[in-house]
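Dear colleague,

I am passing on the structure below, together with some notes on what came out of going through it. Please read the notes with the coordinates open beside you.

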Amino acid sequence: MLDAHVSDRGCQGPADATKTCPTEAKEAGGLGSIAEQTVEHGVDVLLGGGRDRFAQPIAGGDLAGQTVIDQAESLGYTVIGDTAGLDASTPDQKVLGLFSAGNMPQEFAPLLAEPFPATAEAQPCVADPTRAAEVPHLTDMTTKALELLDAKTQDQDKGFFLQVEGASIDKRDHAADLCGQIGETLEFDTAIQAGLAYAEEHPDTLVIVTADHGHTSQIVEYPQTEEHHSPGRVAAVVTADGQPMAVSYATVADVDGKEQSQGHTGTEVRIAAQGPQAANVVGVINQTDLFAIMARALSLD
């Protein structure tokens, strides 16, 4: 389960580490950036965005001057960049899929919240027309990762651990992008269904679904009125049953008329589980308890 240890999550690639956490960079004798440590730990399947971080040149050590992608290939990784490469991946490979320069493209076109009274009328969310067909969706990556990891371990007396993150649910919430947030949540739900389908065929599988924190978005009254409106920004959508729904983003105030990144909240988050050890996920538990629950499910000491 080990990926990387750094003091600042901004130390994503070698150049980032040199700038942000210089004592931890390879040229200073440190462990290096998140990208470098990730491939050095030999994780079997790595899929997502962030290609620009892995394309940064390494500044110190035996691989100085090469990129982290070069490093990954020297460590036996097959590096892929599109759906065709994902589909062609086989269990005998270690796979590094880098499908976007930075964040993965979102599912729905943006619908950005605005301060009252400028908020537009409710409108339906639509698919993002700029999303390239060759970029896999989270569900595609989840399904393929399960296929590869299952094949790698089926003849061994051990299981596997797979972490799937719908990362841009948070990112679109920071941007007060209601349709972006909804689209990423729907895709995450579909990825969960892929996990549950695998678990149905493999009943010794523990599936846990949770979040790392709460966020700003709150459903509020629609329509917003002069007498009763959110102090923050609001967007409104037409729901699947044809009804308007307004959502407020109000954890930060605009500065000089410019929108700021919305903040996290301290609300409790939902945790759901199915499979071995799932009975221990009840009521209110500590986040750190999940580690022990997963370790027991994997029969780890």
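Pro 117 lies in the loop between E4 and H6, where helices (H or I, at least four residues) and strands (E, at least two) are DSSP runs numbered from the N terminus. This is a predicted model, in which local features need pLDDT of at least 70 and side-chain atom pairs count only at pLDDT 80 or more, while totals for chains, interfaces and linings use all residues. Residues are numbered from 1 along each chain as its sequence is written, and side-chain values use heavy atoms, with hydrogens and water left out.

The bond joining Phe 116 and Pro 117 is a cis peptide bond, with omega about 10 degrees. Ala 118 is located in the loop between strand E4 (114-115) and helix H6 (138-153), and with a relative accessible area of 46% Ala 118 is partly exposed (buried means under 20%, exposed over 50%, partly exposed in between, with a 1.4 Å probe and protein chains only). Although 115 residues separate Ala 118 from Arg 233 in sequence, their C-alpha atoms are 9.3 Å apart in space.

A cis peptide bond is also found from Tyr 222 to Pro 223, with omega near 0 degrees, and Pro 223 sits in the loop between strand E6 (218-220) and strand E7 (233-238).

Helix H7 (residues 167-174) and helix H8 (residues 178-201) pack with their axes 8 Å apart and at an angle of about 170 degrees, the axes being lines fitted to C-alpha atoms over the stretch in contact and the angles running from 0 to 180 degrees between N-to-C directions. H7 and H8 are therefore roughly antiparallel to each other (angles under 35 degrees count as roughly parallel, over 145 as roughly antiparallel, 65 to 115 as roughly perpendicular and the rest as oblique). In contact terms (heavy atoms within 4.5 Å), Ser 168, Ile 169, Arg 172 and Asp 173 of H7 meet Gly 180, Gln 181, Glu 184, Thr 185 and Phe 188 of H8.

In the loop between H7 and H8 is Ala 176, a residue other than glycine whose phi is positive, near 55 degrees; at 0% relative accessibility, Ala 176 counts as buried. Gln 277, in the loop between strand E9 (272-274) and helix H9 (289-297), likewise has a positive phi, of about 75 degrees, without being a glycine, but Gln 277 is partly exposed, at 26% relative accessible area.

**The chain as a whole**

The chain has nine helices and nine strands, and its C-alpha trace spans about 65 × 45 × 40 Å along its principal axes. Buried residues make up 36% of the 301 residues.

With regards
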